[in-house]
Every structure is written in structure tokens, then in C-alpha cells.
Amino acid sequence: MPMNRPVATALAAALCLLTAACGSSSDGKAADATAEAAASKTGYPVTLDNCGQRETFDKAPGRVVVMNGASVAEVSTLLALGLGDRIVANQQTYGNSEVPGRAEAIEKLPDGGVKQNDAFDVPRETMIGLRPDLVLSTTAYGFDEKNGFATRDQLKAAGAHSYVSPQGCDQDTAGMTIADSYRLLRDMGKVFNVSDKAEELIAASEKKIAGVADKVKGEKKPKVMVLFSNMSMGGNDFSSVVAKGIYNDILAEAGGANAFENASEGSFADLSKEKVAATDVDALVVIGYNDPDPAAYAEKLLKEFPQWPAARNSTYVTLSDSMYLGPSNDLAVEKIAKMLHPDAL
């Protein structure tokens, strides 16, 4: 990657002092060319514009802390890129995964001996004590001082880079799409100088999703209810029902539509039992977040609402990490499409 102008200029100035050969503009151009060649060879420096901050990496991070964020997007992305050995403290887990061996690989990662604070993540003092050179957070929430976390400026002062995943700057993931999963892969590919691997994963995912979408094209789009099992996020009976976000993009590629897309402006809808009962649901997607038996929850829900077409046909699928931001969205698309359109696939 070409070196940015301030770095190249500084290098040229240093060469001038050493050689006393600053009288010719051609010498300055030669210095620039030398700097650019060096950057191209090593892949560094790499600069990312991330939530209003510029992070410039001179080398690949070697002490990465992955914050909780009720996600596995970041840790799964690092593992998919073969970077598990760079992690010194991981706080993410779903307990399950559609990727064979992924959950077990996450479980084996070091947790840094972290005792999470009341906001369920790494406290500021603990974070600084871990001596990270890169801290990953799903949203800006993970760097909010009010939550007891180290801010991005505090981390920078301690010698650590920081990164907020796509769509996480304002802590509103309602606009998230599969493209954001690819952006996360690309960004980490650049930071760790494994862009070829990132592009390989993206190409394979795009190919699989395009193949599924082509097979279900023109089919009727069943109305799907997507929710997290045994999880409460609000005051009503059904507060973990998905309304917007990457889930809808995945459903669309699989030939379905969200039955509750218009129930909220945000990512989740907080619904009464009456509202849920009055909605026709053709199929269920139950996301198990550290739930060992999401299928039991799905079966219970279908018995509770026997009037649903989904209940009459027992149409549901349980998923975990592939339904969220991360490197495995193609698996969710494939599994949902097989549920909704078994004759097409």
C-alpha cells in the first residue's frame, strides 16, 4: 500500500540530513519512490478511517483483546482468517456455531482472566493491564467511559489501536447488511496483512449466496419470525423479536421476508403476546445465544401459537453465529432457504 504523504515527507527529510543532497527535486521523488516500494513490500503502513478516528498500523497486531458486545462477529472473523494466536483475551461466545469446530475453537481461546464489570465487558483498569495493541468492539458502547470502559483515546495513550465494527459507530445496527460482514473481513485482512485470505472468504460466500438466491428467485416469500430464544430485551412477552438489520438481508437472499419488519424502527421489536398471535407466521428462525437447546424453545413457541402456518407444518430452523455479523452468513442463507423452499434447493 502506498505510504501516506506525511510519512513519506518525513522519510525524505531524514534522508536529506544524512546525504546533504536536498538540492534536487528528483532526489525527493526518489525518496518517495523508495518509501512507497517499502510499504508495498511489507503491506504497511495501513490506515483505517473508523468511526471518526484514523488508525494507522505500522505492523500486524500481536496482542488483541476482543470485547463481548453480545456478539461473535469479531472473534469469528479473526479465527476465519487464521489469527487466533493473536488473541490474548476473548470475551465473545455464542456457545454454538454453524461452522464445524468454531464453538470449540472459541472456547479454547484465552480470556485473559477478565472479570467483567456490571456492563458485561472488560473494565478500564483490566483492559489497560492486558497491554493490548488492538481492541475490537462490536459497537462504540465498548469504548464508552460511562460504562466503565477504556475510551479510544485512553487506549491510544496506552499504545493500543481500537476498532469499532461496521454499523457500530452509533450503536444502531438496524442498517446492517451482509456487506458489513465482508467489510469487517476486509478491514481485518488489511490490518493483519492477510487480504488475500479475506478476499478468498468473501468470494466463496458471495458465490454460495448468489447460487441460493438464483434457485429461489421468483418463489413466493414466506413471512418469517426471527427471534432469540429465552432472551428478554424489554417489558413485553416478546422483546427479542428481530425487526431490522442484517437478518432481513439474509432472509431476502434466502427467499423470505420478515413478518415483523415494520414493528419497530430499531433492530428489535418489543411485542405483546396478542400482537404476535395476530400475525401470520409461515416459518421460524430461532437464534440460540448461549442456549443449549433452541429447538426446544421453537417447539414450545409453535405449540403456543397453533394458528400459525409455521405451527401446522412445524417449519423452523435454529441458528447461531451465521445469522449475525460475521464471516458465515452464507450458511444462514443456505439453511433458511432449504427450510422455506425445500423443492428449489
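Contact means that heavy atoms lie within 4.5 Å. With that rule, alanine 243 touches Asn248, Asn258, Phe260, Glu261, Ser264, Gly266, Ser267, Phe268 and Ala269, leaving aside residues up to four places away in sequence. The model is a predicted one, in which local features need pLDDT of at least 70 and side-chain atom pairs count only at pLDDT 80 or more, while totals for chains, interfaces and linings use all residues. Residues are numbered from 1 along each chain as its sequence is written, and side-chain values use heavy atoms, with hydrogens and water left out.

Alanine 243 sits in the loop between strand S8 (238-242) and helix H9 (246-253); helices (H or I, at least four residues) and strands (E, at least two) are DSSP runs, numbered from the N terminus. Its relative accessible area is 0%, so alanine 243 is buried. Buried stands for under 20% relative accessible area, exposed for over 50%, and partly exposed for what lies in between (1.4 Å probe, protein chains only). One of the residues that alanine 243 touches is Asn258: the two are 15 residues apart along the chain, and their C-alpha atoms are separated by 7.2 Å.

For the chain as a whole, there are 13 helices and twelve strands. Of its 345 residues, 49% count as buried. Among contacts between residues at least 6 apart in sequence, 68% join residues at least 24 apart.

Next comes a helix pair. Two packed helices are described by the angle between their axes and the distance between the axes. The axes of helix H7 (residues 178-191) and helix H8 (residues 195-216) come within 7 Å and cross at roughly 165°. That makes H7 roughly antiparallel to H8. Here axes are lines fitted to C-alpha atoms, for helices over the stretch in contact, and angles run from 0 to 180 degrees between N-to-C directions; angles under 35 degrees count as roughly parallel, over 145 as roughly antiparallel, 65 to 115 as roughly perpendicular and the rest as oblique.

Which residues of H7 and H8 meet? From H7 they are Ile178, Tyr182, Leu185, Arg186, Gly189 and Lys190, and from H8 they are Ser195, Ala198, Glu199, Leu201, Ile202, Ser205, Glu206 and Ile209. By class, this contact of H7 with H8 has seven nonpolar, three polar and four charged residues. Ala, Val, Leu, Ile, Met, Phe, Trp, Tyr, Cys and Pro count as nonpolar, Asp, Glu, Lys and Arg as charged, and the others, Gly among them, as polar.

The last topic is salt bridges. A salt bridge is a side-chain nitrogen of Lys or Arg within 4 Å of a carboxyl oxygen of Asp or Glu, and by this rule the count comes to eleven. In H7, aspartate 187 and arginine 183 are four residues apart and therefore separated by about one helical turn. Their side chains meet in a salt bridge at 3.9 Å, N to O. Aspartate 187 counts as buried because its relative accessibility is 9%, whereas arginine 183, at 38%, counts as partly exposed.

Glutamate 304 and lysine 273 form another salt bridge, at 3.3 Å, N to O. This pair links distant parts of the chain, with glutamate 304 in helix H11 (residues 294-304) and lysine 273 in helix H10 (residues 273-277), 31 residues apart. Glutamate 304 has 32% relative accessibility and so counts as partly exposed; lysine 273, at 37%, also counts as partly exposed. Aspartate 49 and arginine 54 meet at 3.0 Å, N to O, and both are exposed. Finally, Lys208, Asp330 and Glu334 are linked in a network of salt bridges.
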